[in-house]
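Subject: Model handover and notes

Hello,

Here is the model for your files. Please open it alongside these notes.

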Amino acid sequence: MPTITTKDGVEIFYKDWGSGQPIVFSHGWPLSADDWDAQMIFFANNGYRVIAHDRRGHGRSSQVSDGHDMDHYADDLAAVTAHLDLKNAIHVGHSTGGGEVVHYIARHGESRVAKAAILSAVPPLMVQTVANPGGLPKSVFDDLQKQLAASRTQFYRDLPAGPFYGYNRPGAKPSEAVIQNWWRQGMMGGAKAHYDGIVAFSQTDFTEDLKKITVPVLVMHGDDDQIVPYADSAPLSAKLLKKGTLKTYKGFPHGMPTTHAETINADLLAFFKE
């Protein structure tokens, strides 16, 4: 399996398919590069080089006990892009991966980056603070950690079967295969990484990162996102970005790259070609 080893000795697994302008995909919590299957096949077939890595502690990467924070996530992504010597790359991040992309660009600069797209992404800040009154109370995220510690296998069944894909909505038609694939990806990773990752995605403030970015960024979000609520995320991120474009999807859930892959892929392709 293709891997790189980071400065602190962590093996990061990645996929690298095709040729052309590179698109680098950063997955959501607690999943893996496999969550981008529908996008990677589509864009490889459309003449792009597609790359996706498993975040540290996730998927096939090392299940280390520490470094589960946005600084390490961004540095690991930088290590992958440097190892592959990527130039003029497009970065695409879903959920926590959207935070990773934003932090990577702000922290490591834009010399290798052409554009970015963040989907159902956690920036600017998920947790409620005095400065972010529209955020979710910290108790919501504390409860996620409690559920994970109590029974990760049950928690990772309930989340995709319910709010992640909107399968708890009236009239929704849950896909057992999609639910099982989410569970499979989640259980491949390390419990410690996932437990710590809840703090990383919920308590990192990306406000200053967003302000630093000068490349074009497409901000895509469903207005029925039950994981990263729309009002306190996408519209605020789009305003903070110098070249941010907001695209809102009526009724789409958090996991829209899977449930509505055809629509998402077409809109990403149009943005890449602009």
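**Ground rules**

This is a predicted model, so local features need pLDDT of at least 70, side-chain atom pairs count only at pLDDT 80 or more, and totals for chains, interfaces and linings use all residues. Residues are numbered from 1 along each chain as its sequence is written, and side-chain values use heavy atoms, with hydrogens and water left out.

**Domain**

An unreviewed UniProt entry carries the annotation "domain: AB hydrolase-1" for residues 22-254. UniProt positions are given in the numbering used here, and annotations may be inferred rather than shown by experiment. Over residues 22-254 the chain is 42% helix and 15% strand. The end C-alpha atoms of that stretch are 25 Å apart. Helices (H or I, at least four residues) and strands (E, at least two) are DSSP runs, numbered from the N terminus.

**Pockets**

The search ran on a 1 Å grid over the protein atoms alone. A pocket is an open set of points with protein on both sides within 12 Å along at least five of seven lines. A cavity is a set of points where a 1.4 Å probe fits but cannot get out. Lining residues have an atom within 4 Å of a point. Grid points are joined across faces, edges and corners, and a volume is the space filled by probe spheres set on the points.

The largest pocket holds about 240 Å³ of space. It has 18 lining residues, and Phe141, Leu144, Leu159, Phe201 and Ile227 are the closest to its centre. Two elements give two or more residues to this lining: helix H4 (138-150) and helix H5 (152-161). H4 gives the most, with three residues. By class, the lining has 14 nonpolar, four polar and no charged residues. Here Ala, Val, Leu, Ile, Met, Phe, Trp, Tyr, Cys and Pro count as nonpolar, Asp, Glu, Lys and Arg as charged, and the others, Gly among them, as polar.

The second largest pocket holds about 170 Å³. Its lining consists of Thr6, Lys7, Asp8, Arg56, Asp71, His72, Asp75, Asp76 and Ala79. Six of these are charged, two polar and one nonpolar.

**Cavity**

There is one cavity of 30 Å³ or more. The volume of the largest cavity is about 60 Å³. Val122, Leu125, Met126, Gly134, Gly135, Leu136, Val228, Pro229, Asp232 and Ser233 line it. That lining has six nonpolar, three polar and one charged residues.

The expected span of a helix is 1.5 Å times one less than its number of residues. For H4, 13 residues should span 18 Å; the end C-alpha atoms are 19 Å apart, which agrees. In H4, Phe141, Leu144, Gln145 and Leu148 are buried. Buried means under 20% relative accessible area, exposed over 50%, and partly exposed in between (1.4 Å probe, protein chains only). The buried residues of H4 fall within an arc of 95 degrees seen down the axis, so they line one face of the helix. The arc is that of the directions from the helix axis to the C-beta atoms. Lys146 and Ala150 are exposed on the other side of H4.

Helix H11 (residues 261-273) also passes the length check: its 13 residues should span 18 Å, and its end C-alpha atoms are 18 Å apart. Its buried residues are Ala261, Ile264, Asn265, Leu268, Leu269, Phe271 and Phe272. They cover an arc of only 165 degrees around the axis, which puts them on the same side of H11. Glu262 and Lys273 are exposed on the face turned away from that buried side.

**Backbone details**

Which residues does a cis peptide bond join? Proline 30 sits in the loop between strand E3 (22-26) and helix H1 (37-45). Proline 123 and proline 124 are also joined by a cis peptide bond, with omega about 0 degrees. Proline 124 is in the loop between strand E6 (113-119) and H4.

Aspartate 85 is not a glycine, yet has a positive phi of about 50 degrees. Its place is the loop between helix H2 (70-83) and strand E5 (89-94). Aspartate 85 is partly exposed, at 41% relative accessible area. Asparagine 88, also not a glycine, has a positive phi of about 55 degrees. Asparagine 88 lies in the loop between H2 and E5 and is partly exposed at 46% relative accessibility.

Best wishes
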